[in-house]
Amino acid sequence: MEKRVFEVWKGSNKFILGGRLIFGPDARSLIVTLLLIIVPIIIFCVFVARHLRLEFKPDNVGYVILVMAIIFTIYVLVLLSLTSARDPGIIPRNSHPPEEVFRYDSSVSVEDGGRQTPSLNFPRTKEVIVNGIPVRVKYCDTCMLYRPPRCSHCSICNNCVERFDHHCPWVGQCIGLRNYRYFFMFVSSSTLLCIYVFSMSALYIKVLMDDYQGTVWKAMKESPASVILMVYSFISLWFVGGLTGFHLYLIGTNQTTYENFRYRADNRINVYDLGCFDNFLEVFCTKIKPSKNNFRAFVQDEVQQKPTLPSTQETDVEDSGGDPRSKVEDDLDIGEDLLKISQRRNIEEIDGDICSRGSNGPPHNISEMDSVLSSDHRAPTIRSDTRHSSWGRRSGSWEIAPEVLANSTVTESRTYSTSKEPHQ
């Protein structure tokens with residue numbers, strides 16, 4: 001049975017409704033946020049707005065106060081869902097490192113008897129041009145890609161997010177390129193909602209003072225719910241109001257929270273600053289890019305074509321400016337032919353050849369015999385299709401297949417046993 005992308009997702013996200021909604025791993029904290037919004041509004045509607053509706057009954061102003069509170073709350077909840085239940089700008093991770101940036105360096109290995117062996121290496125950073133200024137981007141080992149400018153890897157969601165701002169535990173989601181607008185609107189709207197609840201609760205206290213012609217303390221005793229709502233709204237206003245002001249500053253200077261905290265002491269030039277007005281237009285008036293992930297798509301069985309390390313001969317050809325592909329193909333064909341010849345050679349024919357040369361020829365024939373036999377047992381080591389690259393290691397070393405080692409050992413033992421007979 002084919003699986004969908006969200007079912008095999010390697011990040012720490014949580015999906016509901018068949019991958020239609022995506023949350024962070026701390027999505028349960030979203031329940032606390034919902035309670036902090038809904039519960040005070042219910043208290044406000046029952047104990048404050050309902051009584052104000054009776055106080056301003058001739059002009060129907062009381063109904064407007066109640067309806068405004070409900071509509072404003074629904075608007076805030078919609079912004080919260082758009083912030084926490086959508087893709088914040090996750091960059092799909094690669095199945096293997098990018099092939100176009102590989103560097104094949106030849107280094108002398110002492111263990112291999114001084115032979116040059118190719119090693120896999122690629123730069124950890126590279127530079128891209130942003131507004132005419134070079135910006136250094138880093139390589140992500142987890143996602144196996146070079147992060148675009150302003151992109152960072154969230155350790156909580158385990159994803160690389162475009163224009164990463166921060167991971168907000170109150171909404172249970174990363175704040176990035178595709179949901180930063182809704183996040184700011186949610187925070188600023190929550191600030192206005194706190195001001196609205198505080199103002200209407202204070203208005204109801206004033207109405208009670210006028211009705212009973214008493215002091216503020218008597219009015220507060222008549223409506224303790226109004227006092228609780230005023231205290232709660234005042235405290236919440238410090239948090240969401242301060243956050244709104246901080247993000248207004250970030251938008252005006254075209255910064256992210258991550259950039260502001262990390263590079264504050266570096267005194268770097270902000271290459272993304274377009275001016276205050278254009279910065280606000282970029283955040284609120286540009287079209288939001290579509291998601292790069294289709295979480296409901298079926299997973300395709302991809303054949304991962306991993307880049308192969310070049311042999312020493314191929315490296316030499318590249319240095320000389322020749323055609324590496326034809327050179328490697330010729331070397332592989334020669335290796336195959338030598339292997340087939342060595343495997344078809346009968347050991348009895350070799351014994352007969354050794355005996356005839358050992359009895360008739362001078363002693364220097366022994367060296368010829370050794371060269372023949374040595375070519376026999378060296379042949380399997382030329383075969384390239386039995387080599388397996390140690391992909392995933394940083395050393396980039398090669399491993400010889402077990403069947404080749406076994407074949408080479410048997411040939412070498414037979415050669416040693418037959419070479420002793422002429423000497424005897």
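These legends describe close-up views of a predicted model. Residues are numbered from 1 along each chain as its sequence is written, and side-chain values use heavy atoms, with hydrogens and water left out. Local features need pLDDT of at least 70 and side-chain atom pairs count only at pLDDT 80 or more, while totals for chains, interfaces and linings use all residues.

**View 1. The largest nonpolar core.** This core has 40 residues, and Phe44, Leu52, Ile65 and Phe186 have the most contacts inside it. At least two of its residues come from each of helix 1 (29-55), helix 2 (61-84), helix 3 (180-212) and helix 5 (224-253). Helix 3 gives the most, with 14 residues. A nonpolar core is a set of buried Ala, Val, Leu, Ile, Met, Phe, Trp, Tyr and Cys residues joined through side-chain atoms within 4.5 Å; buried means under 20% relative accessible area (1.4 Å probe, protein chains only). Helices are DSSP runs (H or I, at least four residues), numbered from the N terminus.

**View 2. Surroundings of Phe186.** Leaving aside residues up to four places away in sequence, Phe186 touches Thr33, Ile37, Val76, Leu79, Leu80, Thr83 and Val171. Contact means heavy atoms within 4.5 Å.

View 3. Residues 61-83 are 100% helix and 0% strand, with end C-alpha atoms 33 Å apart. Residues 225-252 are also 100% helix and 0% strand, and their end C-alpha atoms lie 39 Å apart. Strands are DSSP runs (E, at least two residues).

View 4. The protein averages a pLDDT (the predictor's confidence in each residue, from 0 to 100) of 75, and 64% of the residues score at least 70. Over residues 302-332 the pLDDT is below 50, and this stretch has 31 contacts beyond near neighbours in sequence. Residues 358-424 stay under 50, with 71 contacts beyond four places in sequence.

Methods
Buried means under 20% relative accessible area, exposed over 50%, partly exposed in between (1.4 Å probe, protein chains only).
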